Amino acid sequence: MSQLMKAMDLLRAIFDKYAGKEGAKDTLTKKELAELLRAELGAQEPQGKAEVEKFFGMLDNDGDGVVSFEEYVSFVAALTVIINSNE
Ligand SMILES: [Ca+2]
């Protein structure tokens, strides 16, 4: 398996781990997103509600109140560009 395929598998596994906690298993709720940010990105604890709202607004492109896998992937891609351009 190529490195890119492995990376995509990993992204999917992380998404599934949090998306399966409550509600629909293929979308992230606000609470699940907060957990993902805290556990996977080392976000500050306790994370402010406003901060979670901000992230959620950035991820939920179609405004349906949940974050789909596609929305999550485009956010991770954007984040990677931001992190790399700051180095
Ligand atoms: Ca959405």
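Which helix does serine 85 lie in? Serine 85 lies in helix H4, residues 69-85. The model is predicted: local features need pLDDT of at least 70 and side-chain atom pairs pLDDT 80 or more, while totals for chains, interfaces and linings use all residues. Residues are numbered from 1 along each chain as its sequence is written, and side-chain values use heavy atoms, without hydrogens and water.

**View 1. Serine 85 in helix H4.** Helices are DSSP runs (H or I, at least four residues), numbered from the N terminus. Serine 85 counts as exposed because its relative accessibility is 54% (exposed is over 50%, buried under 20%, partly exposed in between; 1.4 Å probe, protein chains only). A polar atom of the serine 85 side chain lies 2.9 Å from the backbone oxygen of isoleucine 82.

View 2. Aspartate 62 counts as exposed, at 53% relative accessibility.

**View 3. Leucine 4 in helix H1.** Helix H1 covers residues 3-19 and includes leucine 4. Leucine 4 counts as exposed because its relative accessibility is 59%.

Key. Helix = DSSP H or I, 4+ residues; strand = E, 2+ residues; numbered from the N terminus. Polar contact = N/O pair within 3.5 Å; in protein donor to acceptor, adjacent residues only side chain to side chain.
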